[in-house]
Amino acid sequence: MSNSKTGGIELDEEPRATVVRLWGEIDVALRDEASAAMASALQRNLPVVIDTREVSFIDSTGIAFLVQFYNIGSAEGLAVSIPNAPERVTSVLELLGLAEFFGLEPAAGSHDGCADGEPALAV
């Protein structure tokens, strides 16, 4: 399955945290990658930082991945954060009432939708 990928999930094992980098389109096509990243990250027993700065699109499967990461991380006593998330991610999490779980600050003008004119979530 190494055809032209439009998105991906990578794990960086840093000394004080596990960084999970998401890029491109985060959707159902990445389900196996998401599961593997989650398992590896949680095995390290360190805080998890989810880097979504390069996400261009996220659907309900991608949001479910973020929520599942938070739920399992919390159950294991691990902090899970999404620093510097783009508005296409924060607006969806805010809409669903989930932004505070990830320590996200409400975006200025977030009630107006995405600043870049793209839909925030495709279901």
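# Reading the calls in this model

Student: What makes Glu 33 and Lys 5 a salt bridge?

Tutor: Their side chains meet at 2.6 Å, N to O. A salt bridge is a side-chain nitrogen of Lys or Arg within 4 Å of a carboxyl oxygen of Asp or Glu, so the pair qualifies. This is a predicted model, where local features need pLDDT of at least 70 and side-chain atom pairs count only at pLDDT 80 or more, while totals for chains, interfaces and linings use all residues. Residues are numbered from 1 along each chain as its sequence is written, and side-chain values use heavy atoms, with hydrogens and water left out.

Student: Which parts does that pair tie together?

Tutor: Glu 33 lies in helix α1 and Lys 5 in the segment before β1 (7-13), so the linked parts are 28 residues apart in sequence. Helices (H or I, at least four residues) and strands (E, at least two) are DSSP runs, numbered from the N terminus.

Student: How many salt bridges are there by this rule?

Tutor: The count is five. Asp 12, Glu 14, Arg 21, Asp 51 and Arg 53 are linked in a network. Within it, Arg 21 pairs with Asp 12 at 2.3 Å between the closest N and O atoms, and Asp 51 pairs with Arg 53 at 2.8 Å.

Student: Is Asp 51 buried or exposed, and what about Arg 53?

Tutor: Buried means under 20% relative accessible area, exposed over 50%, and partly exposed in between (1.4 Å probe, protein chains only). Asp 51 has 10%, so Asp 51 is buried. Arg 53 has 51% and therefore counts as exposed.

Student: Why is helix α3 (residues 87-95) called largely enclosed?

Tutor: Seven of its nine residues are buried, so the rest of the structure largely encloses α3. The cover includes β3 (48-58) and α2.

Student: Why are α1 and α2 called roughly parallel?

Tutor: The axes of α1 (residues 31-43) and α2 (residues 60-75) cross at roughly 15° and come within 11 Å. Axes are lines fitted to C-alpha atoms, for helices over the stretch in contact, with angles from 0 to 180 degrees between N-to-C directions. Angles under 35 degrees count as roughly parallel, over 145 as roughly antiparallel, 65 to 115 as roughly perpendicular and the rest as oblique, so α1 and α2 are roughly parallel.

How values were computed
Contact means heavy atoms within 4.5 Å.
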